[in-house]
Amino acid sequence: MGYKYIGKSYIRPDAIGKVTGKAIFLDDIRIPGMLHATILRPEYAHAKILKIETGEAEACPGVVKVVTGASCHYHYGDNIRDLVPMAVDKVRYIGEPVAAVIADTPKHAKAALEKIHVTYQPLPVYIDARQAMSQDAVLIHENLGDYWHLPTLDPVPGTNIANRYHLKKGRGGEGFGEADVIVEGEFDYPFGSCAALEPHGAIVWFKEDKTIEVWSSSICPFIIRDDLALSYGVPAADVRVHIPDIGGCFGYKSDITVEQTIAWIASFVPGSPVKWVATRQEDFTSTLIAHGIRTHMKIGAKKDGRLVAIQSTIYHSTGAYADTGVNISIAATHNSTGPYEFPHCEMTGYTVYTNTPAVGAYRGYGHQEAQLATERMMDMLARKLGMDKFELRAMNYLGEGKINALGERMYKYNGDIQTCAREVQADVFGKELPKEDEQFFYGRGFAAVMKSPKGAPFSTKSCFMKMNTDGSVNINMGGAEVGQGLRTIIRQVAAEALMIPPEKIRVYNELDTQFSPYEWQTIGSMFTMQGGRAIIRTADKLIKVLKETAAQALKTDVDYLEYDGQFIYLRSDPAMRIAVGDLARGYITGDGITIGDYAQAAADARLPRYANPDKNGQGSTGVTYTFGAQAVELRIEKKSGKIFVDRFSSMFDVGQVVNPLQIRGSVLGGVTMAIGAALHEELLFDDEGHILNPQLFKYHIPTIKDAPEQKIEFLETPDMIGPFGARGIGEHSVIGAAPAILNAIHDATGIDFYAIPITPEKMKQALEGMKEVAA
Amino acid sequence: MSEMIQFTLNGAERSVAAEPDLMLIDVIRDVFNLTGTKHGCDNATCGTCTVVVNGKAVKSCNFPIEKAANAEVMTIEYLAKGTVLHPIQKAIAESGAVQCGFCTPGIVMELYGLLENKADASEAEITNVLSKHLCRCTGYEPIRNGALMAQKLMQARAAAK
């Protein structure tokens, strides 16, 4: 398309601050009079607290206060209000805050922590949803029935089921009557961690004037603001939340979690700011973890390959609190069709309390977990039908006129998965596969993917712009920059909309609820689409202000004026014009009388026609979709079982590429992360609920040596909602890696895996088993 | 009285009282307020705390301050001269190697330790030093590209001298 600034690789406006070490992250903030907190974690993952002795800790050097949760009488949460800032009378997971020390230095706070003595009465521990769902299971939340929750949720009091979501399309499970062939299986996407390089942290200051000031490494300042205001009974306007630069998020810095704990601690020392930054261990044990999703899936098809029915059950081991996980279970459930149309769907998602840290958002948000099942099953179904796996998929892809599980109709502008699939197939499967040799098995695998955001009725993003007398523009938005590059996107979209060079646009750096325009939270790969739309709306308003002022100065009608980025001019006579800078403060006439408004504007944008699900679990809750295809070429070393990903190919229909360098970077990173999940990342628990590998030298995230060569292509079928046709892409690249890799392992060895990660040990064991069968 | 440790930090003579378990990163961040050096893990795994000591890249989070006695310590803050970036900073900024930027200072210092000593380091050597650093954002390709671009800029700079 003929865009001037969209589609070009501008360098990030925050790059120089970051390469010089001057970008300010949470831990870099120091406030005069600041105290430091450390937090005691329990010895048991599920236990009653019988007694906490704090006297010895209180007497330690530098200690200002020792805090427990004993007097805490409030719960918090955005979806289901089941969270407490600190354990009150029981602990529900191993990383839960039990007590805290506030001291003058982190060292003193740490030393005193060891002097707190707690007596527990252990309770049974459940790690997996199925254990916690058993009839005789002890309740993790005895008062589930008393918790406030969104009207769309359906908790089951008296059980550990925090929510039950059910979707029925067509005749549901009865649809299998039309099937000639049925495949069924259960797949596991185990616990993991986002493991951003910057650990979580927060500073909270209960000020003498009864306002609350917060700094956090979070992507949702307005949720933190509103939630703390509710918990502490102050007006939302009196809670001010600052967000500095964020060192990676990938999901787990969304929602409100550690901020409530630090607020609880800081509330005991009003007047003093209190800082806490997670150790890496705490980042694993005491912030949000990921996944924990088992998908039981049944797919039925006609002999010719037409899909007729799907039944999927999501067992989500959501951890000790469900507020941050419940929407992931729901997203996993209704997106478990993958990118296919099924006339009949019967889908159930269980959000289940267990004794692990709460599961929260992780890039992909339920999609990669459930679509691991779908894309494995499509390969298995093709085998059972004796059909080509690409042909089977091509017959059933969602596309123009097709209806997804939610009942949403797909349009051409949702993108062209058929082309993505064909291109990726040609790239990876178009050449001869190397033959098995002494050292290696060789395999290729494919996965097609689909993702929608998880929205909310109030999920808006907003923009504020002001023009200066030199025609340059300042822009403020509420979007959190976590590394995804939204500051660059804002600049380019605004440049295009305002018809001025990006260099004339300065984008905000930090977020501050006092100054930033409102945003729900920066999630769901939605900033480019929704934020971009807000930018265009704001630019339109700003141009309107300029024209209204110019109409007075030029003594004409607003609709007789044109704007070109530099001037407002008469349509009939472009020489009759006023420079935009001369209109910025209103137009100052020769005698000093000034007419018109200051050239500034604000606007916001939601996902159009987002709606809550109806009683069938259906509704316009996805609104926007991005489709794509991914494939892998790998080698399996026979001796060690080690899997080498030699090449990874992706193609997504993103509507419009805004910045080629950044979008490639996004997919490169997402694929690498997902390969980590498929091959080695798993947060391991023992039966007592202890985490066995809460350190980066035990929980291996990919290094440069694990990163494969990647081919990344984009298709551009313009979107109807997004700015200049652009769609979301931030999370989509993580979805296909695990199923593509498992499909490739089958291609190489004939072995079917149903769970990740496929570590060398597991691969080797399976290869040995295969030899035994062969013998 | 605890022993005073003398060293040079970014070209200036500095001293600090030795304390048990006091690591170089604590002195850099908490005593001298140079916050470009980051804490990303508990045990020298992630590389975000990398600084250059006597010309060599080291992890400052497990570098006891006593070992810095009489040494020349250089942090990320010392590389740019005013608005003029070091070629490594320029290349890393332009190659797409920066996303969240939390790993960036450590990686820049690692490359400084390598390339200022060995301008003709092979790509395998570059990959080897980069494998001591974790990045969750980029998939590493743009970091490798940035390192190679930096090498070219530094070779050009040397040729111009």
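Visitor: Which residue stands opposite Val53(B) in S5(B)?

Guide: This is a predicted model, and in it Val53(B) faces Val73(B) of S5(B). The strands concerned, S3(B) and S5(B), the latter covering residues 72–74, run antiparallel and share two bridges.

Visitor: With which other strand of chain B does S3 (residues 50–53) pair, and over how many bridges?

Guide: S3(B) pairs with S4(B), residues 56–59, over four bridges, again in the antiparallel sense. Within that pairing Val58(B) lies opposite Val51(B). The two strands form a hairpin with two residues between them, where Asn54(B) has a positive phi near 50°.

Visitor: How should I read side chains along a strand?

Guide: In a regular strand, side chains point in turn to one face of the sheet and then to the other.

Visitor: What is the strand order of the open three-stranded sheet in chain A?

Guide: The order is S4-S2-S6, with antiparallel pairing. S4 (90–91) and S6 (117–122) of chain A are the edge strands, each pairing on one side only. Between S2(A), residues 47–53, and S6(A) there are six bridges. Lys48(A) has Gln121(A) of S6(A) as its bridge partner.

Visitor: How do I read the direction of side chains on a helix?

Guide: An α-helix has 3.6 residues a turn, so residues three or four places apart point the same way.

Visitor: Is helix H6 of chain A, residues 258–266, largely enclosed or open?

Guide: Nine of its nine residues are buried, so H6(A) is largely enclosed by the rest of the structure. Among the buried residues are Glu259(A), Gln260(A) and Trp264(A).

Visitor: What does chain A look like as a whole?

Guide: Chain A has 16 helices and 29 strands. Its radius of gyration is 27 Å, close to the 28 Å that the globule rule gives for 775 residues, so chain A is as compact as a globular protein of that length. Its C-alpha atoms fill a box of roughly 100 × 75 × 50 Å along the principal axes. Of the 775 residues, 58% count as buried. Among contacts in chain A with a separation of 6 or more, 79% join residues 24 or more positions apart.

Visitor: How many residues of chain B are in contact with chain A?

Guide: The size of an interface is often given as the accessible area lost when the parts come together. Here the description is by residue contacts: 40 residues of chain B touch 45 of chain A. On the chain B side, H2 (87–94), H3 (104–115), H4 (123–130) and H5 (141–160) each supply at least two residues. H2(B) gives the largest share, four residues. That side divides into 18 nonpolar, 16 polar and six charged residues.

Notes. Residues are numbered from 1 along each chain as its sequence is written. Chains are lettered from A and ligands numbered from 1 in the order in which they are written. This is a predicted model: local features need pLDDT of at least 70, side-chain atom pairs count only at pLDDT 80 or more; totals for chains, interfaces and linings use all residues. The radius of gyration is taken over C-alpha atoms; the globule rule is 2.2 Å times the number of residues to the power 0.38. A residue is buried if 20 or more other C-beta atoms lie within 10 Å of its own, exposed if 12 or fewer, and partly exposed in between; C-beta atoms are placed from the backbone. Two residues are in contact if their C-beta atoms, placed from the backbone, lie within 7 Å. Ala, Val, Leu, Ile, Met, Phe, Trp, Tyr, Cys and Pro count as nonpolar, Asp, Glu, Lys and Arg as charged, and the others, Gly among them, as polar. Two strands pair if DSSP finds at least two bridges between them.
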